[in-house]
Amino acid sequence: MAANAGFHSEIVRISGNALLDTLMRPLDAQLRRLFRLTSDRDPGRQCAEHEELYAAIADGDADRAADCALRHVADGREPTLALAERWTADIDPLKVTHTRRRRPAP
């Protein structure tokens, strides 16, 4: 899980994209939790996907890197969404989003 999260963080870092880094920073803890909860995925396959993505980036092949990244995400989508559905089943979104009082607009 730590290596998986580290790899994803490194991709964001080497992108040099400040906006992407800013957007991803608050999601880091949730991603690490997600990686932990989906750790039953085949680690050999994930490692191979990461190696393929790394090779494409190292070769400077943006199209191949994008293809690898999309396939990697698609491979994990079904098990991740199934888990996410279970996580949110017990959460009342109104209660969660109204945890503090907001002042009425002037």
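This is a predicted model: local features need pLDDT of at least 70, side-chain atom pairs count only at pLDDT 80 or more; totals for chains, interfaces and linings use all residues.

Q: What volume does the largest pocket have?
A: About 770 Å³.

Q: How many residues line the largest pocket, and which lie nearest its centre?
A: The lining has 33 residues. Nearest the centre are His8, Met24, Leu31, Phe35 and Val73.

Q: Which elements give two or more residues to that lining?
A: H1, H2 (18-24), H3, H4 (43-58) and H5 (62-88). H5 gives the most, with nine residues.

Q: And by class, how do the lining residues of the largest pocket divide?
A: There are 17 nonpolar, 10 polar and six charged.

Q: What about the second largest pocket, what volume is that?
A: About 200 Å³. Its lining includes Met1, Phe35, Arg41 and His50. H4 supplies the largest share, four residues. By class, the lining splits into five nonpolar, five polar and one charged.

Q: Switching to packing. At what angle do H1 and H3 pack?
A: About 140 degrees, with the axes 9 Å apart. H1 spans residues 2-15 and H3 spans 28-37. That angle makes H1 oblique to H3.

Q: Why oblique and not roughly antiparallel?
A: Because roughly antiparallel needs an angle over 145 degrees.

Q: Is the crossing of H1 and H3 left-handed or right-handed?
A: Right-handed.

Q: Which residues make the contact?
A: From H1, Ala2, Asn4, Ala5, His8 and Ser9. From H3, Asp28, Arg32 and Phe35. By class, that contact has three nonpolar, three polar and two charged residues.

Terms used
Residues are numbered from 1 along each chain as its sequence is written. Side-chain values use heavy atoms; hydrogens and water are left out. Axes are lines fitted to C-alpha atoms, for helices over the stretch in contact, and angles run from 0 to 180 degrees between N-to-C directions. Angles under 35 degrees count as roughly parallel, over 145 as roughly antiparallel, 65 to 115 as roughly perpendicular and the rest as oblique. A crossing is left-handed if the near helix is turned anticlockwise from the far one by less than a right angle, and right-handed if clockwise. Contact means heavy atoms within 4.5 Å. Ala, Val, Leu, Ile, Met, Phe, Trp, Tyr, Cys and Pro count as nonpolar, Asp, Glu, Lys and Arg as charged, and the others, Gly among them, as polar. On a 1 Å grid over the protein atoms alone, a cavity is a set of points where a 1.4 Å probe fits but cannot get out, and a pocket is an open set with protein on both sides within 12 Å along at least five of seven lines; lining residues have an atom within 4 Å of a point. Grid points are joined across faces, edges and corners, and a volume is the space filled by probe spheres set on the points.
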